[in-house]
Amino acid sequence: MTLATPLVGLQPHVQPHVTAALRRAGLDAWMPEGEGKWSLPLQFLPLEDGGGWVELMRLAPGTKLTLHRHHGEVHGLNLQGERRLDDGRIVRPGDYIFEPDGNVDSWEAVGDEVLVLHVVVRGDVDYVARDGSVQQRITTEGRIADYRAFCAARGLAPRLAPEGR
């Protein structure tokens, strides 16, 4: 499934919110983050407060987020589609999930519909192996750099990350 264009796979009630968020972020498309996964940054949280980000996350059906550990709390609100948590729970549109600092989990987009999730991530995220070893660390600085690079590659002016961050 190709979802690089901004509104493909989105329900009509979600489309105006995504369009407004793309405009605010200065983006012309979702930022790709791997096979079946894209993000739309809404805000980067202050580094002096531990950092983090607020974004819309978009996953094609069947896309999995492998085992990861949070170094801060996470708030997630499903806007469209469904996801299955590693404990078997199904999270549906309108459902909210809180993950405390230190939470380790994995989950996947299920069903036939594109998953759109509003997420607030505090601190870093480590993708980990089953033995707990860190395979990759996602930081606020890295997310800002990815956003700036995505904008630069398209000749767009980044609007969310002031210089010096």
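**Strand pairing and burial in a predicted model**

Eight bridges connect strand β3 (residues 52-59) with β10, and the two run antiparallel. The model is a predicted one.

User: What makes β3 and β10 a pair of strands?
Analyst: Two strands pair if DSSP finds at least two bridges between them. Strand β3 and β10 are joined by eight, so they count as paired under that rule. Within this pairing, V54 stands opposite V120 in β10.

User: How do you know that β5 also pairs with β10?
Analyst: The same test of at least two bridges applies. Strand β5 (residues 74-80) and β10 have six bridges, in the antiparallel sense, so the pair qualifies. Here G76 stands opposite V119 in β10.

User: Why is β10 called largely enclosed?
Analyst: A residue is buried when its relative accessible area is under 20%. In strand β10 (residues 115-122), six of the eight residues are buried, so the strand is largely enclosed by the rest of the structure. For the chain, 45% of the 165 residues count as buried.

User: Why are β7 and β12 called edge strands?
Analyst: The open sheet of six strands has the order β7-β6-β9-β4-β11-β12, with antiparallel pairing. Strands β7 (90-91) and β12 (134-138) each pair on one side only, and these are the edge strands.

User: How do you know that β11 is paired with β12?
Analyst: Four bridges join β11 (residues 125-128) to β12, and the rule asks for at least two, so the two strands pair. They run antiparallel. Y127 has Q136 in β12 as its bridge partner.

User: What makes up the chain, and in which order?
Analyst: The chain has two helices and twelve strands. From the N terminus on, the elements run α-β-β-β-β-β-β-β-β-β-β-β-β-α.

User: Why is the chain called as compact as a globular protein of that length?
Analyst: The globule rule gives 15 Å for 165 residues, and the radius of gyration of the chain is 15 Å, close to that value, so the description holds. Along the principal axes, the C-alpha atoms fill a box of roughly 40 × 40 × 25 Å.

User: How do you know how much of the contact set joins residues at least 24 apart?
Analyst: A contact requires heavy atoms within 4.5 Å. Among contacts between residues at least 6 apart in sequence, 63% join residues at least 24 apart.

Terms used:
Residues numbered from 1 in each chain as written. Predicted model: local features only at pLDDT ≥ 70, side-chain atom pairs only at ≥ 80, totals over all residues. Heavy atoms only, no water. Rg over C-alpha atoms; globule rule 2.2 N^0.38 Å. Buried < 20%, exposed > 50% of the residue type's maximum accessible area, 1.4 Å probe, protein only.
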